[in-house]
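Please read these notes with the model open beside you. Take the points in order and find each residue as you go.

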Amino acid sequence: MNEFATASEVALRTEGGGGPAVFGAELDPRWAVGDKLHGGYLMAVLGRASAAAGGDHRDLLSMSASFVRPPAPGPARVEVEVLRAGRGSTQSRARLLQDSGVCAEALTVTGLLGEDGPHWSRSEAARLPAEEECPPSPADAPGGFRVPLMDVVDQRLDPGTLGFAAGAPSMRGEIAGWQRLADGSDWDPLSLLVALDMVPPVSYDLGLPGWAPTVQMSSYIRRRPAPGPVRVRMNATEVGGDRMDVAVSARDAKDRLVAQATQIAAVRTPR
């Protein structure tokens with residue numbers, strides 16, 4: 001298995017029967033920002049367990065996750081309760097737990113992804129410079145801050161959205177770039193959850209540096225991505241009350257919209 005598949009692997013411990021199916025997981029410290037495990041990675045672990053509990057509905061279609069407390073790297077368990085198993089999809093509730101209690105909880109929909117294009121769309125492609133013209137995001141960020149995620153994800157940000165790095169944020173509330181998995185493996189429906197939770201947070205482009213932890217994130221997988229990089233664009237919609245609304249889209253190497261997300265993140269705003 002590739003690095004992502006290994007890091008997000010789950011093992012069935014208890015069949016559902018009359019209660020939730022229970023899976024074991026080993027949370028990998030490389031999929032982290034600072035010392036906090038990455039939200040998209042945690043969603044992928046929940047999604048893998050949900051797909052495993054969904055029978056023939058093996059593809060994640062959507063997930064709405066709430067993050068309660070940050071889990072630590074190491075052993076964890078995922079409980080999946082199937083709420084409804086229909087002909088076209090399975091709806092479930094998934095919970096990520098450690099000894100400290102519930103760390104994240106999600107409502108998921110699994111089914112079978114198709115390859116058909118949209119019947120109608122207003123989605124627009126993310127216009128980016130060529131991948132080789134975009135600087136890579138380092139795992140060792142300025143100020144001694146370590147981002148282990150950048151050892152496993154090759155991210156190259158659009159120079160036009162990097163003004164914050166020189167103390168001159170554009171104030172457009174936008175960050176965009178190219179992403180690949182660093183081991184050369186292709187994106188899949190679950191790993192796209194990592195791409196959708198882009199770093200650094202878009203608040204950096206609004207002159208609001210610092211940690212912006214995700215409170216709630218809803219993700220939608222449209223289709224299986226083609227081999228190659230994905231282009232991700234993240235836009236803030238409104239910031240206030242120490243909360244930030246963010247919309248994200250990801251397009252594959254064939255310029256198809258493959259995934260979208262919206263999230264609420266905590267952010268420190270000036271008083």
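The points below cover the core, the spaces, the cysteines and some backbone details.

1. Ground rules. This is a predicted model, where local features need pLDDT of at least 70, side-chain atom pairs count only at pLDDT 80 or more, and totals for chains, interfaces and linings use all residues. Residues are numbered from 1 along each chain as its sequence is written, and side-chain values use heavy atoms, with hydrogens and water left out.

2. The core. In soluble globular proteins, nonpolar side chains tend to be buried together. Here the largest nonpolar core has 67 residues. A nonpolar core is a set of buried Ala, Val, Leu, Ile, Met, Phe, Trp, Tyr and Cys residues joined through side-chain atoms within 4.5 Å. Buried means under 20% relative accessible area, exposed over 50%, and partly exposed in between (1.4 Å probe, protein chains only). Trp-31, Tyr-41, Leu-46, Val-78, Leu-96, Leu-149 and Val-153 touch the most other members. Helix H2 (residues 39-53) gives the most to this core, with seven residues. Helices (H or I, at least four residues) and strands (E, at least two) are DSSP runs, numbered from the N terminus.

3. Leaving out residues up to four places away in sequence, Tyr-41 touches Ala-7, Ser-8, Glu-26, Leu-27, Asp-28, Trp-31 and Val-194. Contact means heavy atoms within 4.5 Å. Ser-92 lies in strand E7 (residues 90-98). Is Ser-92 buried or exposed? Ser-92 is buried, at 1% relative accessible area. Beyond its neighbours within four places in sequence, its contacts are Val-80, Glu-81, Val-82, Leu-83, Ala-106, Leu-107 and Thr-108.

4. The largest pocket. It holds about 1200 Å³ of space. A pocket is an open set of points on a 1 Å grid over the protein atoms alone, with protein on both sides within 12 Å along at least five of seven lines; a cavity is a set where a 1.4 Å probe fits but cannot get out; lining residues have an atom within 4 Å of a point. Grid points are joined across faces, edges and corners, and a volume is the space filled by probe spheres set on the points. The lining of the largest pocket has 47 residues, and Val-33, Val-199, Pro-200, Pro-201 and Tyr-204 lie nearest its centre. By class, 35 are nonpolar, eight polar and four charged. Ala, Val, Leu, Ile, Met, Phe, Trp, Tyr, Cys and Pro count as nonpolar, Asp, Glu, Lys and Arg as charged, and the others, Gly among them, as polar.

5. Other spaces. The second largest pocket holds about 190 Å³. Its lining has three nonpolar, three polar and four charged residues; Arg-222, Arg-223, Arg-251 and Arg-256 are among the lining residues. The whole structure has one cavity of 30 Å³ or more. Its lining includes His-38, Leu-149 and Val-153.

6. Cysteines. How many disulfides does the structure hold? The structure holds zero disulfides (a disulfide is a pair of cysteine sulfur atoms within 2.5 Å). Cys-103 is buried at 1% relative accessible area, and Cys-134 is buried at 2%.

7. Backbone. A cis peptide bond joins Val-199 and Pro-200, with omega about 0 degrees. Asp-242 is not a glycine, yet has a positive phi of about 60 degrees. Asp-242 is buried, at 18%. Asp-255 also has a positive phi, near 65 degrees. Asp-255 is partly exposed, at 32%.
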